[in-house]
Structures are given as C-alpha cells and as structure tokens.
Amino acid sequence: MESIYGTWPWYVSGFLIGSVMLALIYFGKTFGMSSNLRTMCTMLGAGKTTEFFRFDWKSQRWNLVVVLGAMLGGYIAVHFLSDPSVPTVQVNPQTVTELHMMHIDAPNDNGNGKLLPDALTSAEALQSPKILGILLLGGLLVGFGTRYAGGCTSGHAITGLSNLQLPSLIAVIGFFIGGLIMSWLLLPLFFN
C-alpha cells in the first residue's frame with residue numbers, strides 16, 4: 001500500500017498515459033476535457049439557439065465518463081489513498097517567498113493542501129471588483145483560447161502530440177509562452 005500513497009514515478013505515469021492513448025487511437029477516439037463543455041451545453045439545449053452546439057452529443061458520452069472518472073478518481077485519491085502527514089504539493093522555497101511578496105499564499109500553506117490562493121478565492125477577495133475582473137477576463141480568455149486553439153492543454157499536449165500533430169505542437173508552445181508571460185510579467189503587475 002505504501003507505493004499507492006506516494007507520488008508515482010514519471011515512467012509509471014507516462015506508461016499508463018501512453019497505454020490509454022494507444023487504446024484511444026485503436027478505437028478511433030480523441031481525448032480532451034474541453035470538448036465535454038460543448039457536449040454538456042448541447043445536452044442542456046444550447047443547440048436550439050446556436051449552430052455550434054448542433055451535433056450528435058450521444059457519440060461523445062464516453063468522454064463524459066472520462067470526466068466523471070477523473071472527478072471520482074481524484075476524490076478517492078485524496079480521501080482514501082493519501083497520507084496526510086506527507087505534503088501533497090511541494091513548491092520551491094524561492095517561489096513561496098516570491099508569492100508571499102505579492103501577498104499570495106502558496107499551495108500547501110499550513111499543511112492544508114489547498115491549491116487555490118486566498119488572494120483570488122476567499123470571500124473577501126471575491127468582493128473586490130479588481131479580483132472579479134481578473135477572474136472574469138481570465139475565464140473568458142481561457143474559454144476563447146480553448147475554442148480558438150481547437151482544444152485544451154490535455155487535448156493538444158496528450159492527444160495531439162501523441163498523434164504527431166503540428167497544430168498541437170504550436171498550441172503547446174503557445175501554452176508555455178502564455179504561462180511564462182502570465183507568471184513573470186502580468187501576475188506581479190496585478191498583485192504588487
């Protein structure tokens with residue numbers, strides 16, 4: 001049981017992800033989480049008003065099961081297969097110092113394992129027009145970017161790259177560049 005409680009080495013996780021990708025390719029399926037948003041909107045009737053949502057959502061039911069499995073697997077891992085005495089998120093001490101300078105609490109502060117900083121998600125922060133604007137703009141940019149790029153990070157980085165798709169390589173490079181710009185240039189502007 002000790003091997004289940006800890007972080008798995010990259011070669012085990014990588015092998016499992018690769019095996020899933022080979023199975024999906026064999027069955028003619030593609031993996032990606034953002035496509036499930038389109039499927040759920042279609043199920044809820046969005047196709048009555050917008051052409052984009054008019055498609056056979058029943059052919060995508062298997063992908064909804066993947067999302068359900070990810071949520072259920074995460075719940076089981078956190079509540080039944082983790083050791084509370086071992087930190088789940090280990091952040092470089094220099095990063096923690098830089099986050100504190102911007103008044104952002106680091107993941108796993110006080111050993112509680114949280115991943116969302118109070119500077120963005122606390123009840124007090126959500127009353128700030130600046131924070132609400134940042135979250136709204138960020139959500140719109142992520143939604144637009146996902147649709148414009150033809151998929152999300154998991155779709156391009158896992159499925160697209162494993163299928164040797166040049167557009168996925170370009171998208172993944174863009175994801176990394178965007179992340180670097182956000183963390184090194186924009187985040188300090190927002191919180192300093």
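A salt bridge is taken here as a side-chain nitrogen of Lys or Arg within 4 Å of a carboxyl oxygen of Asp or Glu. By this rule the count comes to one salt bridge, in which the side chains of Glu51 and Arg54 meet at 2.6 Å, N to O. Side chains of opposite charge can pair when their charged atoms come close. Glu51 is exposed at 54% relative accessibility, and Arg54 is partly exposed with a relative accessible area of 43%. These terms follow the relative accessible area, with buried meaning under 20%, exposed over 50% and partly exposed in between (1.4 Å probe, protein chains only).

The structure is a predicted model, in which local features need pLDDT of at least 70 and side-chain atom pairs count only at pLDDT 80 or more, while totals for chains, interfaces and linings use all residues. Residues are numbered from 1 along each chain as its sequence is written, and side-chain values use heavy atoms, with hydrogens and water left out.

The protein has nine helices and zero strands, and its pattern along the sequence reads α-α-α-α-α-α-α-α-α. Helices (H or I, at least four residues) and strands (E, at least two) are DSSP runs, numbered from the N terminus. The C-alpha trace spans about 50 × 45 × 35 Å along its principal axes. Of the 192 residues in the protein, 20% are buried. Among contacts (heavy atoms within 4.5 Å) between residues at least 6 apart in sequence, 47% join residues at least 24 apart.

In soluble globular proteins, nonpolar side chains tend to be buried together. A nonpolar core is defined as a set of buried Ala, Val, Leu, Ile, Met, Phe, Trp, Tyr and Cys residues joined through side-chain atoms within 4.5 Å. The largest such core has nine residues in all, namely Leu99, Met102, Ile104, Ala106, Ala119, Ala125, Ile131, Leu187 and Phe191. Within this set, Ile104 touches Leu99, Ala119, Leu187 and Phe191, and it also touches Pro117, not counting residues up to four places away in sequence.

Helix H3 has three named buried positions, Asn36, Thr39 and Thr42. These residues lie on the same side of H3, because they cover an arc of only 120° around the axis, where the arc is that of the directions from the helix axis to the C-beta atoms. The buried residues of H3 pack against helix H4 (61-80). Just after H3, Gly45 takes a positive phi of about 100°.

The loop between helix H2 (10-26) and helix H3 (35-43) contains Thr30, which is exposed at 51% relative accessibility. Not counting residues up to four places away in sequence, Thr30 touches Trp62, Asn63 and Thr159. Thr30 and Asn63 are 33 residues apart along the chain, and their C-alpha atoms are separated by 8.8 Å. Thr159 belongs to helix H8 (residues 153-162) and is buried, with a relative accessible area of 6%. Leaving aside neighbours within four places in sequence, the contacts of Thr159 are Met21, Thr30, Phe31 and Ser154. Another threonine, Thr146, lies in helix H7 (residues 129-148) and counts as buried at 17% relative accessibility. Thr146 is in contact with Ser34, Gly151 and Cys152, again leaving aside neighbours within four places in sequence.

Rings of Phe, Tyr and Trp (its six-membered ring) are paired if their centres lie within 6.5 Å, with planes under 30 degrees apart counted as stacked, over 60 as edge-to-face and the rest as tilted. The count by this rule comes to four aromatic pairs. One of them joins Trp10 and Tyr11, whose ring centres are 5.6 Å apart and whose planes stand at 85°, so the pair is edge-to-face. Both Trp10 and Tyr11 are exposed. Tyr75 and Phe80 have ring centres 6.2 Å apart and planes at 75°, and this pair is therefore also edge-to-face. Tyr75 is partly exposed, with a relative accessible area of 46%, whereas Phe80 is exposed at 54% relative accessibility.

A charge is said to sit over a ring if NZ of Lys or CZ of Arg is within 6 Å of the ring centre and within 35 degrees of the ring normal. The charged end of Arg38 sits over the ring of Phe52, 4.3 Å from its centre. The charged end of Arg38 also sits over the ring of Phe55, at 4.2 Å from the centre of that ring.
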